[in-house]
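Look at the sequence and the model together before reading on.

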Amino acid sequence: MKRLIIATLLLMTISAKAQKLVIGSKMPEWKSIEWLSPLKKSDKAIFVEFYQSNNPGSAKILMNLESIYTKYGSKIQVVILTREHGSAIDLLVMQYGSKFAIGYDASGREFEALGVKFLPFSMLFSSDKELYWQGNQTKLTTETLDNVD
């Protein structure tokens, strides 16, 4: 049991370091992002999904984002960040631009600065804009979403 706990803590540490942002870190300013659908200034928590349309799970990711928006939209703003451009993203903006903020990281600078190498990857920032949770969206629990302020 002790080994399992140590192994779990080690994996969490490696994962956090791989992403270059640790729990409690301030949300980046997203200076190099071109907003295709605006990020609204608010006191809501912010859920960020780093998105790639050719990811095999992208349809499921969008359905999950829709569920988060439907259930938590009053307290969580949903953001999609992508390095893609063109028709795949135009369609994304048409379908979700009225609900989600959608940002284009043309240079890849934000992805690189955060160390985002594997997709899907998500970050949840509290209303104070501090990192509250990060990881694969499939590991996000309703308890985490319920408890973010």
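Residues are numbered from 1 along each chain as its sequence is written, and side-chain values use heavy atoms, with hydrogens and water left out.

The pLDDT is the predictor's confidence in each residue, from 0 to 100. Its mean over the protein is 86, and 87% of the residues reach 70 or more. Residues 4–18 have a pLDDT below 50, and beyond near neighbours in sequence this stretch has four contacts in the model; a contact means heavy atoms within 4.5 Å. Where pLDDT is low, the predicted coordinates should not be read in detail.

Next come the aromatic rings. Rings of Phe, Tyr and Trp (its six-membered ring) pair if their centres lie within 6.5 Å; planes under 30 degrees apart count as stacked, over 60 as edge-to-face and the rest as tilted. By this rule there are four aromatic pairs. In one of them, the ring centres of Phe50 and Phe111 are 5.1 Å apart and the planes stand at 85°, so the pair is edge-to-face. Phe50 belongs to strand E2 (residues 45–51) and Phe111 to helix H4 (residues 109–114), so the pair ties together parts 61 residues apart in sequence. Helices (H or I, at least four residues) and strands (E, at least two) are DSSP runs, numbered from the N terminus.

Buried means under 20% relative accessible area, exposed over 50%, and partly exposed in between (1.4 Å probe, protein chains only). Phe50 is buried, at 1%, and Phe111 is buried with a relative accessibility of 1%. Tyr69 and Phe100 also form an edge-to-face pair, with 5.9 Å from centre to centre and 75° between the planes. Here Tyr69 sits in helix H2 (residues 58–72) and Phe100 in the loop between H3 and strand E4 (101–104), 31 residues apart. Tyr69 is partly exposed, at 30%, whereas Phe100 is buried, at 1%. Phe50, Phe111 and Phe121 form one aromatic cluster.

The last stop is Glu84, in the loop between strand E3 (76–82) and helix H3 (87–96). What does its side chain meet at the backbone nitrogen of Ser53? A polar atom of the Glu84 side chain lies 2.6 Å from that nitrogen. Leaving aside neighbours within four places in sequence, Glu84 is in contact with residues including Tyr51, Asn54 and Tyr104.

Key
Predicted model: local features only at pLDDT ≥ 70, side-chain atom pairs only at ≥ 80, totals over all residues. Polar contact = N/O pair within 3.5 Å; in protein donor to acceptor, adjacent residues only side chain to side chain.
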